[in-house]
Amino acid sequence: MPTVVTISGSPSVRSRSDGLLRRAVHLLESFGVTIKAFSLADFPAESLLYAHFDHPSIVRLQQAVAEADGLIVSTPVYKSAYSGALKVILDLLPERSLAQHAVLPLATGGSPAHMLAVDYALQPVLTALKARHILGGIYATDKELVWGDNGELVVADDIAARLNTAVARFIAHLPNPGVVQLDPHALNAQIRIGGISV
Ligand SMILES: Cc1cc2nc3c(=O)[nH]c(=O)nc-3n(C[C@H](O)[C@H](O)[C@H](O)COP(=O)(O)O)c2cc1C
């Protein structure tokens, strides 16, 4: 079975980008993909800021990435780019860390004007890590991701549909997709027909 590492790059406790990531995770898990999830809370701030490559928490991340088939990163747009928090985490990955990986970026922002932030800012970093395959990411604005009364993130239908397709494509591009390997369109149809709620 494939394994996917996720890195949630928002410093916010209640985070839209993390909510989008959790939706993707739910979907992946429903197809039998094993998830190893990381967020800022997993690392001491000093280890990130002073690049303690050998801190146990950093080594855990490096090992998890080395053993994984894919990576999903989520980030808020900060100042027209991805978050600094995500950068300090990615900086601690060794060169060529993503050479065997499919990568799916997810980003949220206040303005639709910054939907290209993933392409012009985050993608070069993933390329520097030699990502084998960078899937077209999902960008959602705050208006499309609204907090419901019960504290759940309500995702606009259009974004939910695009996320389904993106996850299906991501699974199809995993180097070790195992039994979940399916044509992306077939997988997306299966998601819809199955009425999988994520
Ligand atoms: C410090 C800061 C900078 C931001 N800069 C931008 C920006 O340049 N462009 C944009 O569209 N949204 C910007 N935003 C809005 C966030 O990207 C947006 O609210 C996002 O959904 C937050 O994600 P999160 O809840 O996962 O942290 C900024 C927010 C903060 C706190």
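Visitor: What share of the contacts in the protein with a separation of 6 or more comes from residues 24 or more positions apart?

Guide: In this predicted model, where contact means heavy atoms within 4.5 Å, residues 24 or more positions apart account for 79% of those contacts. Local features need pLDDT of at least 70, side-chain atom pairs count only at pLDDT 80 or more, and totals for chains, interfaces and linings use all residues. Side-chain values use heavy atoms, with hydrogens and water left out, and residues are numbered from 1 along each chain as its sequence is written.

Visitor: Why is Phe43 called buried?

Guide: Buried means under 20% relative accessible area, with a 1.4 Å probe and protein chains only (exposed is over 50%, partly exposed in between); Phe43 has 6% relative accessibility and therefore counts as buried. Phe38, at 12%, counts as buried too.

Visitor: What makes the aromatic pair of Phe38 and Phe43 stacked?

Guide: Rings of Phe, Tyr and Trp (its six-membered ring) pair if their centres lie within 6.5 Å, and planes under 30 degrees apart count as stacked, over 60 as edge-to-face and the rest as tilted. The search of the whole structure finds 1 aromatic pair, and Phe38 and Phe43 form it with 6.2 Å centre to centre and 15 degrees between the planes, hence stacked.

Visitor: Which residues touch the most other members of the largest nonpolar core?

Guide: A nonpolar core is a set of buried Ala, Val, Leu, Ile, Met, Phe, Trp, Tyr and Cys residues joined through side-chain atoms within 4.5 Å; in the largest, of 29 residues, these are Leu28, Leu106 and Phe170.
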